[in-house]
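Look at the model below and follow the backbone from strand to strand. The text then goes through the sheet and the helices beside the sheet.

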Amino acid sequence: MFEEADNTAPFPHPPLSLRLHLIVEQALRAAWEIMLSQVRVGFDLQTADEDTITLELYQRLYDEIFNKGVVDGFDGNIFTSVHREPKIRNFNYSNPDKMPDLFVDFVDRPARVMNSQHGLFIECKPVDREHPTGSAYCDKGLIRFIRGDYAWTMQSAMMVGYTRKGYTLLDKLPKALKSKRKEPISTSFGPSNCTKSVITTSAEQVAISKHPRTFDYVENGSPAGTITIRHLWLKRES
C-alpha cells in the first residue's frame, strides 16, 4: 500500500530564508506599534509583566496583522499560523512540554523535515533594571536555544527583548555574552547589526549572533552545530 521511502529527517533542517525572517520581524514591529498607539483598555505596557506583554503582542500579531494586508507577505500564502506557548519537546525527549513564547510555522516545508519541529521559534524577555540582560535575557531565554530546548532542528531562531530607556542591544548584549554565565554561552559571531533590518522609533535594528550548541542529535549522534539568533529589541518607552 505504501511505497518504501527514505523518511530520515535531515538534521539540522535546511535554513530559513532571510526574507522569512524579515517578514516576521516587520510583522512584530507592526504589532508593537499598534500596542503603543491603540492601547487596549486594561493593558498598561509600562506595568505589565512578561506574560501579559507577550499575550498582548501575540493577539495583536495574529488577530490584527496576520492576513490583514498590513505587512506584505505575512499571510496565509507563506505562513500557516502563529502559536503562543505551544508544547514542543526538547532535543532528547527529557522534557515533552517545552513552550516557546511564540512559534510561527509555514505553508511549505522542505522534504523530510520533522513537521512538529519546523518553524520560527521566538523567545521573548523584558530587559530592564529588574530583568538584566545577563540573568534574564541570556540565562532564561537565549540559553534555551543553545542547550536544545527550543529550535533544536533549526539553524536559526529569534529573541525579542522588551526594553526600557538605557538598555540598548549592542551596549548590553555583548557585555552579557562575554561575562561569566552560570551556564556558558559560547559566541562564534556578533552580536552585529543586520544591514537588511530597519530602525524605527519603537524598535532597534536587529542584531545577529551565532552560537555553538552543546548537544548531539539523539537520532544520529551528530553534533547540532551552530545556531544563528536574530535579536529584535522593542522599546517600551519612546
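Val82 has Val104, in strand S2, as its bridge partner. This pair comes from a predicted model. S1 and S2 (residues 102-106) run antiparallel and are joined by five bridges. In general, the strands of a sheet pair through backbone hydrogen bonds, and the pairing can be parallel or antiparallel.

How many strands form the open sheet, and in what order? There are seven, in the order S1-S2-S3-S4-S7-S6-S5, with mixed pairing. Strand S1 (79-84) and strand S5 (189-193) are the edge strands, each pairing on one side only. From one strand to the next, the twist averages 20 degrees.

Which strands does helix H1 lie across? Helix H1 (residues 18-37) lies across S1, S2, strand S3 (120-127), strand S4 (156-163) and strand S7 (226-235), and runs at about 20 degrees to S7. Helix H4 (residues 169-178) also packs on the sheet, where H4 touches S5, strand S6 (207-212) and S7. The direction of H4 makes about 175 degrees with that of S5.

H1 also packs with helix H2 (residues 50-65), at an angle of about 110 degrees and with the axes 9 Å apart. Angles of 65 to 115 degrees count as roughly perpendicular, so H1 and H2 are roughly perpendicular to each other. Residues of H1 in this contact include Ala27, Leu28, Trp32 and Met35, while those of H2 include Ile53, Leu57, Arg60 and Glu64. By type, the contact of H1 with H2 has 11 nonpolar residues, three charged and no polar.

Note on methods. Residues are numbered from 1 along each chain as its sequence is written. This is a predicted model: local features need pLDDT of at least 70, side-chain atom pairs count only at pLDDT 80 or more; totals for chains, interfaces and linings use all residues. Side-chain values use heavy atoms; hydrogens and water are left out. Two strands pair if DSSP finds at least two bridges between them. Helices (H or I, at least four residues) and strands (E, at least two) are DSSP runs, numbered from the N terminus. Axes are lines fitted to C-alpha atoms, for helices over the stretch in contact, and angles run from 0 to 180 degrees between N-to-C directions. Contact means heavy atoms within 4.5 Å. Angles under 35 degrees count as roughly parallel, over 145 as roughly antiparallel, 65 to 115 as roughly perpendicular and the rest as oblique. Ala, Val, Leu, Ile, Met, Phe, Trp, Tyr, Cys and Pro count as nonpolar, Asp, Glu, Lys and Arg as charged, and the others, Gly among them, as polar.
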